[in-house]
Amino acid sequence: MSSPTITLRASGAQLSAAAGESCLLEILELHDVAVEYQCRSGYCGACRLKLLKGKVAYRQAPLAFVNDGEILPCCCMPLMDIELEI
Ligand code: FES
């Protein structure tokens, strides 16, 4: 199975997940995409990003507040190809 492609709307970059990452934030960091974060475990909401297309899955339901259409990359993984507003 090929890994999902992560498209970044602002830069047009397309990234794909390698085998070892455990969350979307790690995938972005591996590709030198700077994302704000603090707790890296779904509590603070600092890493919040807008998801334009696709779906992600959380390891555990995050405690931080997210609006519709937003995701917390520190604790989710893409389930399919996704597009982010960064
Ligand atoms: S870094 Fe705190 S919720 Fe993602």
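## Sheet

An open sheet is built from 5 strands in the order E2-E1-E7-E3-E5, with mixed pairing. Its edge strands, each pairing on one side only, are E2 (14–16) and E5 (70–71). Strands (E, at least two residues) and helices (H or I, at least four) are DSSP runs numbered from the N terminus; two strands pair if DSSP finds at least two bridges between them.

E1 (residues 5–8) pairs with E2 in the antiparallel sense over 3 bridges. Ile 6 stands opposite Leu 15 in E2.

## Model and numbering

The model is predicted: local features need pLDDT of at least 70, side-chain atom pairs count only at pLDDT 80 or more, and totals for chains, interfaces and linings use all residues. Residues are numbered from 1 along each chain as its sequence is written.

## Nonpolar core

The largest nonpolar core has 19 residues, and Cys 23, Leu 24, Val 56 and Cys 76 have the most contacts inside it. Two or more residues each come from H1 (24–30), E3 (49–53), E6 (76–78) and E7 (82–84). H1 gives the most, with 4 residues. A nonpolar core is a set of buried Ala, Val, Leu, Ile, Met, Phe, Trp, Tyr and Cys residues joined through C-beta atoms within 7 Å. Buried means 20 or more other C-beta atoms within 10 Å of the residue's own, exposed 12 or fewer, and partly exposed in between, with C-beta atoms placed from the backbone.

## Arg 48

Arg 48 lies in the loop between H1 and E3. Arg 48 counts as partly exposed because it has 19 C-beta neighbours inside 10 Å.
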